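Good morning, colleagues. Please have the sequence and the model open before you as I speak.

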Amino acid sequence: MSNDAFISIQNVDKYFGKFQAVEDVNVDIAHGEFFSLLGSSGCGKTTLLRMLAGFESPTNGEIYIDGHAMSEVPPHQRPVNMVFQSYAIFPHLNVRDNIAYGLRKQKLSKARRYEMVDEMLNLIALPEYGDRKANELSGGQRQRIALARALILRPKVLLLDEPLGALDKQLREQMQLELRALQRTVGITFVFVTHDQEEALTLSDRIAVMSGGKVLQLDTPSGLYETPRTQEVASFIGTMNFFDAEVIKASSTSIELSARGLGKVAAPARDQQYPKGAHVQVAIRPEKLRLSNDRPADTKNALQGQLKNSAYLGERSHFYVSVDGIEKPIAVSSQNREQISTGADQTRPVWLSWNDEALVVLNAD
Amino acid sequence: MSKNTSYINRPNRPLQVYAVIFLIFLYVPVLFLPLFSFNDSIYVRFPIEGFTVKWYGELMNRQPVWDALMNSIKVGMATAAFSTTLGIFAAKAITRYRIPGKAPLVGFIMLPLVVPGIIFGVALLVLMSQIGVPLSLYTVTVGHVIICLPFSIATLLPRFEGFDASIEEASADLGENGWWTFWRVTFPMVFPGILASLLLTFTVSFDEFIMAFFLTGTDPTLPMYIWSQLRFPQEFPSVLALSSIIIIVSFVIVFAGQWINRDATFGADKDH
């Protein structure tokens with residue numbers, strides 16, 4: 001555990017009856033970081049967030065925030081505020097009173113309180129909405145009110161439970177940018193829960209990928225995407241082609257493997273150590289594969305296959321190429337830099353090629 | 001099928017007939033009371049002999065009626081306050097906490113709705129005499145609280161269930177402890193239910209006879225007074241007049257309660 005961790009989650013387990021929702025989680029989050037918990041529903045990410053907020057207490061382990069153990073601290077005394085998935089706007093109060101809700105204890109003058117609320121309304125770009133009723137607001141507006149209501153208290157940590165889940169795609173993308181800009185402006189540590197991998201990649205400084213209550217991998221967005229450590233992480237974030245492989249020769253810089261379907265390949269070692277003969281998997285992202293009609297001359301990493309299928313997605317296309325020795329066609333993604341005609345010449349022989357750096361070695365499951 | 005209505009909304013003739021018969025069966029007997037209370041005869045029989053309001057006038061001049069009325073109001077207000085307060089705690093506990101055996105517990109609380117009043121009446125009478133409590137308006141109130149508690153809980157439960165528990169969590173998250181969260185969030189949101197519960201339990205207590213029959217001391221409640229007057233035929237039209245007033249007032253109070261509590265999902269997020 002590093003000493004500069006602002007939030008430190010140490011050996012935390014959570015049981016609901018016999019069901020284990022969170023299993024031995026150890027996570028350190030730095031001050032000012034935008035940290036995401038990513039996973040499908042039921043992976044324990046929301047339970048972990050609720051333990052940070054104090055709505056659930058860990059069965060084992062301890063959570064420290066700003067150096068203080070939190071297990072005996074009730075939600076209303078924690079230096080954290082939360083944006084709920086349902087926003088939980090108080091329906092009996094107008095927007096102004098919703099935002100000012102947490103200020104009661106600060107014993108401010110009414111004028112000062114109004115001033116602070118107006119500041120927040122400007123920050124969330126809803127300056128004229130103070131007197132609106134909660135039920136007159138759209139989903140995006142509620143989301144921003146919930147954000148303002150939490151931020152006005154200047155929490156040390158802001159917890160966000162899938163706050164963009166209820167919004168439509170366009171609004172969600174706009175809110176993502178606003179959220180990221182806001183986090184940089186206010187400089188508060190954000191802990192963000194989402195099941196949307198794209199959202200997590202866009203927003204986060206670091207992401208913890210969770211499944212079955214455990215943290216599978218904790219890394220930066222590019223680290224997770226480029227060098228996933230397990231097949232589960234690799235397939236949860238984007239798509240990836242996997243090949244069974246055996247280690248032929250391993251050095252400190254590169255690993256030589258014999259991969260089914262690909263033949264003899266070399267991948268960068270990336271601090272991994274495997275004995276000769278170890279059974280592993282080698283993986284490559286679809287967009288790191290190049291597709292050509294003729295054998296590329298500039299690389300030794302080339303493979304012939306049959307183009308079976310293609311899908312046109314506008315700015316890029318997906319191709320599926322079947323190769324001798326493996327059942328599942330290899331997925332290839334390429335940018336449509338030039339105009340291509342869709343639907344033509346489906347099955348034809350093509351060449352696949354790649355660079356060594358694009359290959360990732362994973363433990364076999 | 002009419003082209004302007006959907007399948008589920010199309011008129012259903014047998015159901016309409018049934019509804020009319022149902023309402024007649026329910027309310028025509030009751031309507032005889034106001035009818036004969038304006039009849040210029042001490043005998044309750046057709047034909048009606050003439051219109052008069054003298055029975056109402058006579059009622060106004062009788063001190064025991066006013067005393068009984070005051071007794072009933074006192075008992076009703078105390079009953080409403082106690083059973084609603086207890087109902088708030090019960091509804092909050094039922095909806096917000098994980099209680100082992102919750103379903104049987106709720107059934108148990110609701111039991112007084114179906115257990116015959118005479119059984120509770122006798123039971124309480126035995127209990128009161130065993131522990132040596134003299135019968136009075138206090139003992140009537142105790143009996144009424146038992147009867148009214150299920151009404152209170154049944155009125156309040158949908159209110160407590162109707163709003164997202166995360167709204168209370170949000171209040172805690174924003175720095176308010178349990179007490180302040182109750183006052184600033186829970187109470188205002190369930191307030192229409194509380195008002196409806198107060199009105200309903202007051203009415204139930206005000207009209208209640210069996211418990212009062214067993215547990216009244218020397219001061220009668222209004223239904224007890226009516227009962228005592230039935231022995232005197234010459235008093236009967238006044239009793240009808242009194243009963244008519246009670247029916248009207250009860251209707252008004254109960255409907256007011258229903259109207260206040262009309263939107264029990266108030267506060268539920270309408271977008272989801």
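Residues are numbered from 1 along each chain as its sequence is written, chains are lettered from A and ligands numbered from 1 in the order in which they are written, and side-chain values use heavy atoms, with hydrogens and water left out.

Let me begin with confidence. The model as a whole scores ipTM 0.80 and pTM 0.78. For single residues I shall quote pLDDT, the predictor's confidence in each residue, from 0 to 100. The average for chain A is 88, and 97% of its residues score at least 70. Within chain A, the element with the highest mean pLDDT is strand E3, residues 34–38, at 95, and the element with the lowest is H5(A), at 83. Helices (H or I, at least four residues) and strands (E, at least two) are DSSP runs, numbered from the N terminus.

For chain B the average pLDDT is 84, with 94% of the residues scoring at least 70. In residues 265–272 of chain B the pLDDT falls below 50, although this stretch has 18 contacts in the model beyond near neighbours in sequence. A contact here means heavy atoms within 4.5 Å. Where pLDDT is low, the predicted coordinates should not be read in detail.

Chain B itself has 11 helices and 0 strands. Its C-alpha atoms fill a box of roughly 70 × 70 × 30 Å along the principal axes.

I turn to the interface between the chains. Here 27 residues of chain A are in contact with 24 residues of chain B. The size of an interface is often given as the accessible area lost when the parts come together. Chain B and chain A bury about 2,200 Å² between them, and carbon and sulfur atoms account for 55% of this. That buried area is the accessible area (1.4 Å probe) that two parts lose on being put together, summed over both.

Arg104(A) forms a salt bridge with Glu176(B), with the closest N and O atoms 2.6 Å apart. On the side of chain B that touches chain A, the elements giving two or more residues are helix H7 (165–173) and helix H8 (178–207) of chain B. H7(B) gives the largest share, 7 residues.

Next, chain A on its own. It is divided into domain 1 (5–234) and domain 2 (239–363), with bounds from an automatic or database domain assignment. The centres of these domains, taken over C-alpha atoms, are 38 Å apart. Their contact takes 9 residues from domain 1 and 10 residues from domain 2. The area buried between them is about 850 Å², 47% of it from carbon and sulfur atoms. In domain 1, Tyr225(A), Gln231(A) and Ala234(A) lose the most area to domain 2, together 56% of what that side buries.

The two domains share 1 salt bridge. Glu226(A) and Lys288(A) form a salt bridge, their closest N and O atoms 2.3 Å apart. On the domain 1 side, H7(A) gives the most to the contact, with 3 residues.

Finally, the structure holds 23 salt bridges over all chains. In one of them, Arg172(A) meets Asp196(A) at 4.0 Å, N to O. Arg172(A) lies in helix H5 (residues 169–186) of chain A, and Asp196(A), 24 residues apart from it, in the loop between strand E8 (189–194) and helix H6 (197–203).

Terms used
This is a predicted model: local features need pLDDT of at least 70, side-chain atom pairs count only at pLDDT 80 or more; totals for chains, interfaces and linings use all residues. A salt bridge is a side-chain nitrogen of Lys or Arg within 4 Å of a carboxyl oxygen of Asp or Glu.
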